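Trainee: Could you take me through this model, please? I have not looked at it before.
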Amino acid sequence: MKKALFLFPLLLVACKGTPPGSGISLEQRLENPLFAEVYYDVLLDRMVELDIQDDPILKDEDKAEIVEDTRRNALAKAKVANTKQREGMMGNFVPITEETKGEALFVDSTLYFGPTFEANPGPSVHVLLTTVVDPREGTFPDETVIDIGPLESPFGAQAIMVPAMEDASKYRTVVLWDTELERIHGFAQLSK
């Protein structure tokens, strides 16, 4: 029994996010504006921190130039990611029957979940879009629901292509719906 208790925390850590070697490159992850903003903000902070702490590496002119170029590039890329987010509709997940948290962004026919996205797994959790603002009101799923497929991962940043729609701006709510248990895990209301 002691071995099982010891391994449980390790399994939880190992399951978080996409495992190394999963085939998703950093460049692909950076296409997600929510991931890119966090990544470049942290990179920018690290480069500024080197200067604030008067890190000895900055005494080497070549290294100092790399740090400054990286800082400028990170600042520019963070601004691009932020601008992309403002072009779309964003919302934060609200848990209903299961723990669900994180950001969602719908822009350019793609639904993005941010790096802090977490949802409890279920037998068959799907990502749905609906025109209903609050899926707890009335009967769900409603007639406007579009099932865009199974949830890629219950943890971390991801991008889901959304099929072409007549008026995508009407679809204001992302719902995590377990198709087998017929229950809402959580939802995010999207707005500009």
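**Pockets and sheet**

Trainee: How do the residues lining the largest pocket divide by class?
Mentor: There are 5 nonpolar, 5 polar and 3 charged residues in that lining. Ala, Val, Leu, Ile, Met, Phe, Trp, Tyr, Cys and Pro count as nonpolar, Asp, Glu, Lys and Arg as charged, and the others, including Gly, as polar. A pocket is an open set of points on a 1 Å grid over the protein atoms alone, where a 1.4 Å probe fits, with protein on both sides within 12 Å along at least five of seven lines; lining residues have an atom within 4 Å of a point.
Mentor: The model is predicted: local features need pLDDT of at least 70, side-chain atom pairs 80 or more, while totals for chains, interfaces and linings use all residues. Numbering starts from 1 along each chain as its sequence is written, and side-chain values use heavy atoms, without hydrogens or water.

Trainee: Which residues lie nearest the centre of the largest pocket?
Mentor: Of its 13 lining residues, these are Ile24, Gln28, Arg29, Gln158 and Ala159. Two or more lining residues come from each of α2 (26–29), β4 (110–113) and β8 (158–161); helices (H or I, at least four residues) and strands (E, at least two) are DSSP runs numbered from the N terminus.

Trainee: And the second largest pocket, which element gives the most to its lining?
Mentor: That is α4, with 4 residues. Among the lining residues are Tyr40, Lys77 and Lys84. By class, the lining has 6 nonpolar, no polar and 3 charged residues.

Trainee: Moving on, what is the strand order in the open sheet?
Mentor: The 8 strands run β7-β6-β9-β10-β1-β3-β4-β8, with antiparallel pairing (strands pair if DSSP finds at least two bridges between them). The edge strands, β7 (146–150) and β8, each pair on one side only.

Trainee: How many bridges join β1 and β10?
Mentor: β1 (residues 89–95) and β10 (residues 183–189) pair over 3 bridges. Val94 has Phe187 of β10 as its bridge partner.
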